[in-house]
Amino acid sequence: MEVEQLRSMCWQVLIGGLVAALLYNVALFVYAQRRLGLILRPKGRALRPYVLGLVGGLVFSFVLGGLNGILLTNWRPTLVEISTVELVRGAGEAWLLFLPVFGLGWAAVLMVVQLAINVQPVGSKDPPKKLDPWWLMVIAVDLLVLGLAFFKPDPFQRIVSYVRDGIWVTIYVTLISFFLVLIFGLLGGLGRLARNPIVRGAATIYVEVIRGIPVLVQLMFWYFAFPSVIKDLGKLLQIQALIDYKANPVGMAVLGLTFCYAAYMSEVYRAGIQSISKGQMEAARSLGMTYVQAMRYVILPQAVRVILPPVGNEFITLLKDSSLVSVVAVADMTRRGREFMASNFIPVQTWLMVALLYLLMTLFSTRIVNGIEQRTRLER
Amino acid sequence: MDEPIIQIRNVHKRFGGVHALKGVSLDVKRGEVVVIIGPSGSGKSTLLRCINRLEEFDEGSIVVDGIPLDTAANINAVRTEVGMVFQQFNLFPHLSVLENIVLAQRVVRKRSRDEAVQNALQLLEKVGIPDKADAFPLQLSGGQQQRVAIARALAMNPKIMLFDEPTSALDPEMIQEVLDVMVELAREGMTMVVVSHEMGFSRAAAHRAILMDAGQIVEDAPPDVLFNHPTQERTKLFLSKIL
Ligand SMILES: Nc1ncnc2c1ncn2[C@@H]1O[C@H](COP(=O)(O)OP(=O)(O)O)[C@@H](O)[C@H]1O
Ligand SMILES: [Mg+2]
């Protein structure tokens with residue numbers, strides 16, 4: 001590969017990391033301080049931890065990016081090379097192994113932030129929480145993946161390279177679905193609590209029906225049955241656009257997962273909102289706030305704290321269940337693994353690696369959810 | 001101007017089979033302080049909550065400051081004119097004391113942040129806890145929380161304040177600090193409807209006292225008359241129980 005190309009890749013990794021780190025820190029700051037009423041202390045030095053977290057995380061991602069590049073490609077540099085432009089190559093190659101690199105990089109970011117930030121739940125008398133030892137588990141799995149790929153590049157490095165596209169597919173199918181699930185779940189949850197019996201009835205039927213049908217069957221429906229229904233409808237109405245309709249596998253997978261998980265999520269939201277005492281809504285309304293304002297400023301910020309653990313669980317379940325989309329023509333990690341196995345006949349190694357990659361993602365997500373939970377807790 | 005600021009006419013309210021208000025009529029004049037007493041379950045809270053429409057009523061009419069409680073827009077208009085203080089304080093636990101008082105000023109009254117904060121700090125001064133602006137509700141004592149709740153309601157510049165047993169959830173030593181704030185408010189000419197059995201407050205501030213029983217107003221008289229020389233048997237009976 002051209003040095004120029006490598007350099008540009010390296011910059012992409014760097015800038016991507018920088019932007020992500022910045023966004024994360026800003027989001028955390030705004031969220032913690034404004035919405036959740038957490039105190040950041042010591043008060044005057046609020047900026048320093050963010051800069052620290054930013055720089056630390058960046059350096060960590062960069063160095064490990066380089067290291068991963070060295071470890072996981074066939075490139076074996078000399079000492080001199082490492083200190084020169086070739087390091088850029090290492091970092092550039094890091095995108096090969098997005099997950100282990102960023103898993104570790106972000107673990108580092110979060111650790112540094114956690115160490116430095118001194119965010120503490122309101123009214124808590126304990127000293128600020130320092131390091132979450134469970135990150136070690138994430139790092140251990142990360143090292144296991146790296147180690148396997150380093151010491152036995154054949155087949156492990158080949159497997160990872162082969163399922164690489166699948167990792168991306170799994171990540172974005174999960175993230176997009178989850179984003180939509182958060183929105184539609186909220187609508188469903190509010191619908192379940194609506195005073196209007198028609199709205200409430202519709203929401204209830206939706207939730208009950210969806211929860212009674214296996215996810216896999218629902219995915220099959222959206223991919224195979226739904227397009228066929230559309231076509232028949234097109235023939236019936238003589239609309240050419242409908243007759244020509246072809247289902248997009250990823251679109252249908254996202255639709256199917258969203259439709260299903262939003263039902264579960266609406267129950268989570270409902271329980272969360274119901275757990276906030278009626279007096280809160282009454283106080284807000286008696287001050288002249290509308291229902292929507294009261295929800296937005298008073299009820300939901302409190303409900304968020306309550307529902308964070310179950311929402312985190314839903315995310316992790318969704319991440320795992322996204323492997324089901326492999327049966328409806330989506331080339332996710334699981335499907336890529338199956339394809340690899342079919343042409344190489346090494347099931348044990350293949351599925352070990354795929355399992356480890358899933359484990360890495362879920363453990364990592366769990367830690368993040370847990371971290372957010374820690375600092376949004378309200379002491380009662 | 002002389003027209004009563006609250007006009008309640010023949011209001012009925014049922015909760016399923018329970019007939020909580022049985023045709024209540026009541027006028028409250030501008031600047032008047034009305035105390036409501038009565039046994040538990042007699043409909044005091046329900047009446048109060050009907051005034052700012054936290055509770056819908058089945059029959060009758062209520063007009064507050066010339067605005068009839070009918071359309072959603074009118075109900076919100078009335079709510080911004082009527083402050084309410086609850087037995088359980090109902091402060092927003094996720095917001096600091098200051099933000100509790102600032103929030104509705106910003107989103108309902110559309111005030112600038114500076115103005116809202118200024119106003120909030122002044123009100124905290126007035127209720128006697130200027131140093132607690134950055135504290136969170138759950139870090140405060142009950143009496144302090146209730147005073148914040150009063151400040152929060154006052155921040156909207158209401159014309160009427162409703163108090164539903166504001167001191168019932170407080171430890172005895174904290175009752176007086178809340179009553180002092182209420183008495184001060186009454187002196188300033190605020191129109192107040194107060195459900196409370198605190199005789200001290202009634203003597204110091206009330207213009208009228210009302211006894212409710214079984215969803216009806218039984219007696220309506222100046223406080224010294226109602227407490228010392230009640231005309232109704234039911235009032236005598238009730239007073240004998242609480243005194
Ligand atoms: N939300 C409600 N649902 C059903 N019944 C209620 C409700 N609120 C009040 N009630 C009933 O209405 C009656 C009056 O209640 P309330 O106004 O709270 O009395 P008070 O405040 O004088 O103790 C009581 O019998 C009570 O049980
Ligand atoms: Mg009551």
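A polar contact is taken here as a pair of N or O atoms within 3.5 Å; within protein, one atom must be able to donate a hydrogen and the other to accept it, and residues adjacent in sequence count only if both atoms are side-chain atoms. By that rule, six residue pairs (both at pLDDT 80 or more) are in polar contact between chain B and chain A. On the chain B side, helix 2 (72-81), strand 6 (82-85), helix 3 (97-107) and helix 5 (142-154) each supply at least two of the residues that touch chain A; helices (H or I, at least four residues) and strands (E, at least two) are DSSP runs, numbered from the N terminus.

The model is a predicted one, in which local features need pLDDT of at least 70, side-chain atom pairs count only at pLDDT 80 or more, and totals for chains, interfaces and linings use all residues. Residues are numbered from 1 along each chain as its sequence is written, chains are lettered from A and ligands numbered from 1 in the order in which they are written, and side-chain values use heavy atoms, with hydrogens and water left out.

Back to the interface. With contact meaning heavy atoms within 4.5 Å, 27 residues of chain B are in contact with 28 residues of chain A. About 2200 Å² is buried between the two chains, and carbon and sulfur atoms give 61% of it; this is the accessible area (1.4 Å probe) that two parts lose on being put together, summed over both. The interface also holds two salt bridges, each being a side-chain nitrogen of Lys or Arg within 4 Å of a carboxyl oxygen of Asp or Glu. E56(B) forms a salt bridge with R195(A), with the closest N and O atoms 3.4 Å apart. Another residue that touches the partner chain is Q280(A), whose contacts include N90(B), L91(B), F92(B) and P93(B). Q280(A) sits in helix 12 (residues 278-286) of chain A and, at 5% relative accessibility, counts as buried. Buried means under 20% relative accessible area, exposed over 50%, and partly exposed in between (1.4 Å probe, protein chains only).

Chain A has 15 helices and two strands. Of its 380 residues, 47% are buried. Among the contacts in chain A with a separation of 6 or more, 78% are between residues 24 or more positions apart.

The N-terminal end is capped by N196(A), where a side-chain oxygen lies 2.8 Å from the backbone nitrogen of I198(A). E208(A) is partly exposed at 42% relative accessibility, and R211(A) is partly exposed at 35%.

Over all chains, the structure holds 20 salt bridges. In chain B, R30(B) pairs with D65(B), the closest N and O atoms being 3.2 Å apart. This pair links distant parts of the chain, with R30(B) in the loop between strand 2 (18-28) and strand 3 (33-37), and D65(B) in the loop between strand 4 (59-64) and strand 5 (67-68), 35 residues apart. E177(B) forms a salt bridge with R147(B), at 3.0 Å between the closest N and O atoms. E177(B) lies in helix 6 (residues 172-187) and R147(B) in helix 5 of chain B, so the pair ties together parts 30 residues apart in sequence. R147(B) counts as buried at 10% relative accessibility, while E177(B) is partly exposed at 24%.

Methods:
Lists of a residue's contacts leave out its neighbours within four places in sequence.
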